[in-house]
Amino acid sequence: MRLLHTSDWHLGRSFHRENLIGAQRAFLDHLVAVVREQGVEAVLVAGDVYDRALPGLDAVELFDDVLHRLAELGVPTVFISGNHDSARRLGVAAGLIGRAGIHLRTDPGAVAAPVLLADEHGPVAVYGLPYLEPALTRERFGLAKGGHEQVLGAAMDQVRADLTTRPAGTRAVVLAHAFVTGGEVSDSERDITVGGVASVPSAVFDGVHYAALGHLHGSQTIAPHLRYSGSPIAYSFSEADHRKTMWLVDLAADGSVAAERIDCPVPRPLAPLRGRLEELLTEEKYARHADAWVQATLTDPARPADPMEQLRKRFPHTLQLLFDPDPVPGDRQESYAARVSGRTDLEIAEGFVRHVRPGTEPDETEQGWLRSAFETVREQGDRKAELPR
């Protein structure tokens, strides 16, 4: 069976205030063309369809349009909700839409109810595991406590239990929105560390033939049967070196997998540039970036006058301007941004405790208070997003 694996569309998202609706429409046109031209038999969309719980009308119209086009092709499509989506809103009318072959899997209580497909080699059971926020879902899996690993593990236990009831030789495919250990992150993914350690071991997915993963924005292979498609469009300058693709997956009769990357349209290349303003404006090596979206980090000792205006004369699509002056000899002072770069919210809070109480580490009780506070804030935010408007 030929599958097309994609994820993290983030419909409605902008890029440093640059409207991406046109680029997202071009990607969806490309997706439909690939489905038609490559003989795709099922499409898998592993979460973060929208960029926020309450998407704008233009994003909803894009989603509605692609649903109709996929339904007209008669190709079954399975969606799961991600951590950016509102599961309840995305799942509205799922039963009715399912009759058209578009299967929205947003209910944590239905992880063991697969979409049943078949080819000449027999049945294929496709299980959709929506993003499972531990604080909101652990009780549904009979867990008194536990983080991402425990909740996702409990969901996969239900999947494996259901598989034992299926005919011998049934091939199993799972969609999941999670951070699997070994994956490489970028700056545009929303942090999911609150509620416990963010990453889950790849062994959680033992027992299935292919896991179509979403959440991380770089296309990557954790194992031959565990892959992230990544986002189809770059959503941060940290993705400048990404090759944006979808996975074209051939699932053999014995469940083995062969996968090929299908490139996505590039709306405009990204160019993170660094140097003194005069260098960026005059050196020939930067000329090739004239049509790129530019992030300029200026290293001048003093801030130049009107730097953005000057940069846009050579780079009309400059979107972000940063300042990071070259260090003065003997000055070891580091900026706050540099000190906290790459650290989680919890790690930053623990660092603040160390700062105001030199020489002591937060004890287990204090760490628990901090973790609980962040978890409560996240839970309240997620529940607020689910409230009807």
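This is a predicted model: local features need pLDDT of at least 70, side-chain atom pairs count only at pLDDT 80 or more; totals for chains, interfaces and linings use all residues.
User: At what angle do the axes of α1 and α2 cross?
Analyst: The axes of helix α1 (residues 21–37) and helix α2 (residues 57–73) cross at roughly 10° and come within 11 Å. Axes are lines fitted to C-alpha atoms, for helices over the stretch in contact, with angles from 0 to 180 degrees between N-to-C directions. Helices (H or I, at least four residues) and strands (E, at least two) are DSSP runs, numbered from the N terminus.

User: Which residues of α1 and α2 meet?
Analyst: With contact meaning heavy atoms within 4.5 Å, the α1 residues include I21, L28 and V35, and the α2 residues include A59, L62 and L73. The residues of this contact divide into 10 nonpolar, one polar and five charged. Here Ala, Val, Leu, Ile, Met, Phe, Trp, Tyr, Cys and Pro count as nonpolar, Asp, Glu, Lys and Arg as charged, and the others, Gly among them, as polar.

User: Changing topic: how many aromatic pairs are there?
Analyst: The count comes to six aromatic pairs. Rings of Phe, Tyr and Trp (its six-membered ring) pair if their centres lie within 6.5 Å; planes under 30 degrees apart count as stacked, over 60 as edge-to-face and the rest as tilted. W9 and F79 form an edge-to-face pair, at 5.7 Å centre to centre and 90° between the planes.

User: Where do W9 and F79 lie?
Analyst: W9 is in the loop between β1 (2–6) and β2 (14–15) and F79 in strand β5 (residues 77–80), so the pair ties together parts that are 70 residues apart in sequence.

User: Is F79 buried or exposed?
Analyst: F79 counts as buried, at 0% relative accessibility. Buried means under 20% relative accessible area, exposed over 50%, and partly exposed in between (1.4 Å probe, protein chains only). W9 is also buried, at 2%.

User: Which residues form the aromatic cluster?
Analyst: One aromatic cluster is formed by W9, F27, Y50, F63 and F79.

Definitions and conventions: Residues are numbered from 1 along each chain as its sequence is written. Side-chain values use heavy atoms; hydrogens and water are left out.
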